[in-house]
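Subject: Structure for you to look at

Hello,

Here is the structure I said I would pass on. Please open it and keep it beside this email while you read my notes.

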Amino acid sequence: MSRPQPRSSTSHDHTPVNPSGLRQSHTAASYASLADAGKRRDSIPISPSSPNPQPDEEGVPPFSLAGPSSAFHNVEPTETTSLLSDGFDREHAHDGPCNHGTFSPRPMSPADSLAADSGLLSGSESDGSLPAIDGMLSAEARRKRRSWKKQLASKMKTKKMSTSSALAKRHGVKGSTMMYLSYYLPVMIWAREYSWSYFKGDFVAALTVAGMYVPMALSLADNLAHVPAINGLYSFVFNPLMYALLGSCPAMIVGPEAAGSLLVGTVIKNSVDLGRGGDNDAVLQATICGVVAGMAGAMVFIAGIARLGFIDGVLSRPFLRGFISAIGVVIVVDQLVPELGLNRVLAQNPGVGHGSSVDKLRFIFGNLDKVHGLTFAIAGSSFAVIMVCREIKRRLQPRYPGVAYIPDRFIVVVISAFLAYYFDWEHAGVQVLGKVESASGHLFTFRWPFRPAHMPYIRDAMGTSFLIALLGFFESSVAAKSIGGSDAFSTQLSPNRELVALGAANLVGACFMSLPAFGGYGRSKLNKSTGGKSPMASILLSMFTLITIMFLLPHLYYLPKPVLSSLISVVAWSLIEECPHDISFFLRIHAWQELGLMFIILLSTIFYSLTLGMAIGVGLSLLQVIRHSTRPRIQILGRIPGTNRFENAEANPDRLEFIEGCLIVKIPEPLTFANTGELKARLRRMELYGTSQAHPALPRLRREDSNRNIVFDIHGVTSLDGSGTQVLEEIVQSYRQRGVRIFFSRVPARDTPVWESLQRSGIVDLAGGESHFVDDVHEALKLTEVEEAGRAGEE
């Protein structure tokens with residue numbers, strides 16, 4: 001079999017006789033070869049009397065012990081003349097011209113200067129003592145003792161840090177430990193760059209957010225999570241403070257969310273159903289709340305350490321929309337019971353309270369005659385006032401930004417509490433918040449959530465905590481990307497640092513049994529629109545909440561529970577209101593699969609339970625991800641007539657031409673264990689039918705001799721793991737055993753891990769050597785013609 005000879009480098013008329021040294025490129029390999037040449041030169045004995053040393057066997061001239069040449073001063077400059085040819089004149093070692101080259105002998109240094117500089121000549125050699133050497137050894141020992149920290153740091157450096165250090169050195173940037181540490185502790189950046197001119201805006205923003213969302217925290221804890229109301233306030237004390245120190249989005253406000261609070265309530269209800277406690281066991285409720293928050297925080301924190309910031313893309317948009325809308329429906333149904341004043345009736349039917357939304361709707365319609373009128377009036381009027389104010393602010397804010405400062409929810413809460421106290425609504429049958437206190441009887445009680453005694457709760461809450469972490473990080477990621485960074489500070493958004501910050505915040509809050517807290521778009525947008533520019537707003541929010549816990553808890557006694565329920569219903573409405581838009585969009589683009597996923601999650605959550613809807617949604621989303629990642633995306637290529645360009649033949653079968661006896665297959669992605677499982681089957685289908693879309697029940701449509709040559713375009717194979725390499729080797733071996741010639745085009749460079757895997761696995765030799773690995777498809781087709789012509793000549 002004849003193979004094409006490599007193209008020889010021929011000379012051309014336009015080639016300069018003396019090429020410019022400026023056009024020569026240098027690579028790491030060339031530097032290494034120069035170093036090797038230098039070693040070979042050092043090993044050759046040099047005779048000082050030899051004026052013209054002869055080159056060694058490999059053609060490398062030996063070093064000459066001559067000084068810097070001065071002959072260039074008398075020579076006309078040419079293209080090969082150095083830009084700095086002898087720019088620094090030195091004294092010659094001897095009289096006359098000194099043209100021995102770069103490594104010429106230097107003038108002898110005076111002995112006294114040598115002794116003064118190094119101390120080598122101090123002392124007498126005849127004494128047998130060498131104090132200079134002793135001094136050198138002690139200096140070396142001190143140097144080693146000083147450099148152990150540098151050696152340890154060099155071992156801990158990652159490839160990215162080494163590259164960063166090289167870039168910093170190249171551009172004159174002084175890289176220091178504090179520079180890298182400030183990246184992971186953003187407080188070191190914004191605290192240094194903070195200006196007191198920002199304080200007024202941060203103060204007003206924190207006060208506005210506290211006035212609107214501190215009552216919401218009480219409501220989420222009491223009505224959704226079924227924990228003491230003070231545990232909701234803890235989420236605004238510890239979590240924003242920790243996020244201000246570690247978070248990378250200055251304007252984001254961390255706090256409890258409706259979805260996470262509802263999921264905490266499901267874990268508590270499940271524990272009660274398992275007989276671990278009663279509905280009124282405040283200590284059990286607070287303990288489980290701390291365990292769930294701690295597990296969610298630990299999962300998020302570990303994900304940040306492991307650099308898993310990409311996980312916000314694991315859950316599909318239809319799953320998130322369907323699940324969040326389902327949570328909104330569940331919240332609305334749950335809040336109808338206290339808004340209608342049916343709590344006392346519900347207490348007589350304990351199974352309904354832990355049932356599905358359909359069970360609760362059936363209970364509500366069956367007890368409409370027992371609705372408490374005053375309670376319903378208070379809840380309905382509060383809901384209407386808040387919704388009207390919300391719509392007015394939405395319409396007026398573009399023209400009058402100052403309306404964002406109006407704390408409408410705080411005003412509703414204060415007025416309702418005053419009316420409840422003034423008209424004594426508690427004796428009229430309206431439920432009020434009552435005494436706000438912690439389950440332990442102390443304002444702040446430290447309790448490590450991962451005690452061995454908490455293992456039953458940890459097992460029960462494992463799946464729910466994972467979903468809380470995933471949903472919380474997703475919402476925080478959306479909020480951070482929507483709000484963006486701050487122009488006032490040089491901090492950069494990083495999903496991995498966000499995971500670490502949110503995880504650390506929830507771990508600290510969990511030690512005080514707070515609700516899980518993550519970034520919220522509504523809170524963060526309100527903070528930024530009312531003047532918040534820095535994390536100082538989060539610190540001030542923590543201080544305001546702490547003041548509330550220390551001094552204002554007695555004044556919350558008369559806060560009506562129907563008002564708290566109406567606040568949550570407003571949040572539930574905001575979760576549902578975007579669902580119709582998404583449904584209409586998916587209908588318009590005929591995305592039936594996404595619509596089906598949304599409705600499956602929605603119906604399973606409403607008719608059965610939140611846990612089932614969560615499990616189905618996560619399972620189906622992961623199956624979609626796995627299905628997408630395991631399907632190989634190989635293509636058969638055809639040539640555009642009259643050109644040497646190739647395109648996907650399955651996308652344009654009518655306007656492309658196929659090469660007789662050749663099958664050109666493009667692999668546009670890395671080959672890993674995930675996507676090589678079906679690679680053989682899909683290649684076989686292309687051989688039989690010329691497309692991967694044909695049904696395997698069809699008989700063979702392509703002749704056997706149509707696949708005499710197979711060209712693999714592997715430009716997209718940027719990585720190749722062990723499983724992918726093994727499958728590719730089996731494919732090549734199978735083709736070679738059948739007498740099929742194999743060619744690879746657009747192969748990665750020879751110094752890449754992909755090429756090393758191809759070479760070590762034997763694929764290069766199986767395919768026919770490196771001559772079968774070419775730069776493009778057109779060159780591979782020429783090789784097929786040459787080899788077929790050679791075989792025909794032999795026959």
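Asn-709, Val-711 and Asp-713 point one way from strand 6, Ile-710 and Phe-712 point the other way, and all are buried. Buried here means under 20% relative accessible area, exposed means over 50%, and partly exposed lies in between (1.4 Å probe, protein chains only). In a regular strand the side chains alternate between the two faces of the sheet. Because five of the five residues of strand 6 are buried, the strand is largely enclosed by the rest of the structure. Helices (H or I, at least four residues) and strands (E, at least two) are DSSP runs, numbered from the N terminus.

Before going on, note that this is a predicted model: local features need pLDDT of at least 70, side-chain atom pairs count only at pLDDT 80 or more, and totals for chains, interfaces and linings use all residues. Residues are numbered from 1 along each chain as its sequence is written, and side-chain values use heavy atoms, with hydrogens and water left out.

Six strands form an open sheet with mixed pairing, in the order 4-3-5-6-7-8; two strands pair if DSSP finds at least two bridges between them. At the edges are strand 4 (646-648) and strand 8 (773-774), each of which pairs on one side only.

On one side, strand 6 (residues 709-713) runs parallel to strand 5 (residues 662-666), and five bridges join them. Val-665 has Phe-712 as its bridge partner in strand 6, and Lys-666 stands opposite Asp-713. The chain gets from strand 5 to strand 6 through helix 26, in a β-α-β crossover that is right-handed. Right-handed means that, with the strands pointing away from the viewer, the path from the first strand over the helix to the second runs clockwise.

Strand 6 also runs parallel to strand 7 (residues 741-745), again with five bridges. Phe-712 stands opposite Phe-744 in strand 7. Here the chain crosses through helix 27 (residues 722-737), and this β-α-β crossover is right-handed.

Strand 7 is mostly covered, with five of its five residues buried. Arg-741, Phe-743 and Ser-745 point one way from this strand, and Ile-742 and Phe-744 the other way. Two bridges join strand 7 to strand 8, and the two run parallel. The bridge partner of Ser-745 in strand 8 is Val-774.

Next, a helix. In helix 20 (residues 521-529), Arg-523, Ser-524, Leu-526 and Asn-527 are buried. They cover an arc of only 160° around the axis (taken from the directions from the helix axis to the C-beta atoms), which puts them on the same side of helix 20. The buried residues of helix 20 pack against several elements, including helix 7 (199-225) and helix 18 (455-483); contact means heavy atoms within 4.5 Å. After helix 20 comes Gly-531, whose phi is positive, near 110°.

Last, the aromatic rings. A search of the whole structure finds 22 aromatic pairs. Rings of Phe, Tyr and Trp (its six-membered ring) pair if their centres lie within 6.5 Å; planes under 30 degrees apart count as stacked, over 60 as edge-to-face and the rest as tilted. The rings of Phe-418 and Tyr-422 have centres 5.8 Å apart and planes at 20°, so this pair is stacked. Tyr-422 is exposed, with a relative accessible area of 57%.

Regards
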